[in-house]
Amino acid sequence: MQKLLLVFMSLIVMTSCNDNKSSNKRLLSQSSGKINNLSVVVDNELWEGQVGETLRNILAAPVHGLPQDEPLFILSQLPPIVFTGFAQQSRIVLKIEKSDSAKVKIAKNLFARPQRVVVVTGKTDEEISQQLTDNADQIVMALKNEEIKEQQRRIKLSLHKNNTIKEKLGISINFPSAYRIATEDGKFYWIRKDITTGTTNILLYELPYGSITDNDSVVGQIIKIRDSIGEKHIPGPLDGSFMITENKYTPFLAKTTINDKLAYETRGIWDVKNAFMSGPFVNYIIDDEANNRLLVVEGFAFAPSVSKRDYMFELEAIIKSIKFH
């Protein structure tokens, strides 16, 4: 009888612990907020001084490849005393805290779910600013990746499904049903969506493996390739007009990965030869050695007289959903 009682009590304790764990998960509210809106939790005095200046230089820096300056994130400053309740449900948060140790900690789901929280600590303003500067790339990437995931989640709510991309290119890519296949020419795809002031666009095509040589002329090689594609596939509004790369703007070039494959990322401004049209583009040339090819995927927007950051961010999220089969 005593043994049965012990077993019974153990079950109650275990069940209670499991219930507590489940309830802790349930207690986390759903995170919220507009894409790329960052809550910065920092004392007013720090925000108005050196720390605030460093924060703005890093997190509100202009996005590469846009015709007008637009910030990486919209910053909303909150003093710690008001960072309670609904304010804690922000999807991306950066907290500044005075502490004896100088460090950067990146956590998730502290106050809501899903959520990314970056905590930067230091004993002095100078230490905090140094931590921000030394870890700038890591901080920006952590926050941006969380927003890419959120954008992709929203895209999945209504996916375009009736296409032959997987069959012809051996990849899947998630884009909203609001897009349409404007051109399908062999293994070349031009995918478009109408927006209020213009269009957002995605290009997909292959290049022979080895088409790009990794040297000091990479940018020039990429421009030459995309200009030839523009002449062949992307006509402008007038006879003899077609999309080219704006030669007055030096493109931004970086190495990155797409679905664990090495890639060149190029951001710049496109133009239309013999016509007055232009806008931003982001081009990825992905090293798909397994299939003896380079896969090119590009997003570009035509949206005159309006901000373009959010359009380009959606295109980037679409591109980064690529899976190879």
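These legends walk through several close-up views of a predicted model. Local features need pLDDT of at least 70 and side-chain atom pairs count only at pLDDT 80 or more, while totals for chains, interfaces and linings use all residues. Residues are numbered from 1 along each chain as its sequence is written, and side-chain values use heavy atoms, with hydrogens and water left out.

**View 1. Welcome to the largest nonpolar core, a group of 31 residues.** A nonpolar core is a set of buried Ala, Val, Leu, Ile, Met, Phe, Trp, Tyr and Cys residues joined through side-chain atoms within 4.5 Å. Here buried means under 20% relative accessible area, exposed over 50%, and partly exposed in between (1.4 Å probe, protein chains only). Ile165, Leu204, Ile286, Val297 and Ile322 have the most contacts inside this core. Several elements give two or more residues to the core, including helix H5 (136–155), strand E15 (275–288) and helix H8 (309–319). H8 gives the most, with 6 residues. Helices (H or I, at least four residues) and strands (E, at least two) are DSSP runs, numbered from the N terminus.

View 2

**View 3. Now look at an open sheet of 5 strands, in the order E3-E2-E4-E7-E5.** The pairing is mixed; two strands pair if DSSP finds at least two bridges between them. Strand E3 (74–78) and strand E5 (103–108) stand at the edges with a single partner strand each, so one side of each has no neighbour in the sheet. Strand E4 (residues 92–98) and strand E7 (residues 116–122) pair in the parallel sense over 7 bridges. Find Glu97, whose bridge partner in E7 is Thr121.

**View 4. Phe83 and Phe111 form an edge-to-face aromatic pair.** Their rings are 5.3 Å apart centre to centre, with 90° between the planes. Rings of Phe, Tyr and Trp (its six-membered ring) pair if their centres lie within 6.5 Å; planes under 30 degrees apart count as stacked, over 60 as edge-to-face and the rest as tilted. Phe83 is buried, with a relative accessible area of 5%, whereas Phe111 is partly exposed, at 25%.

**View 5. Trp270, Phe300 and Phe302 form one aromatic cluster.** Both Trp270 and Phe300 are buried.
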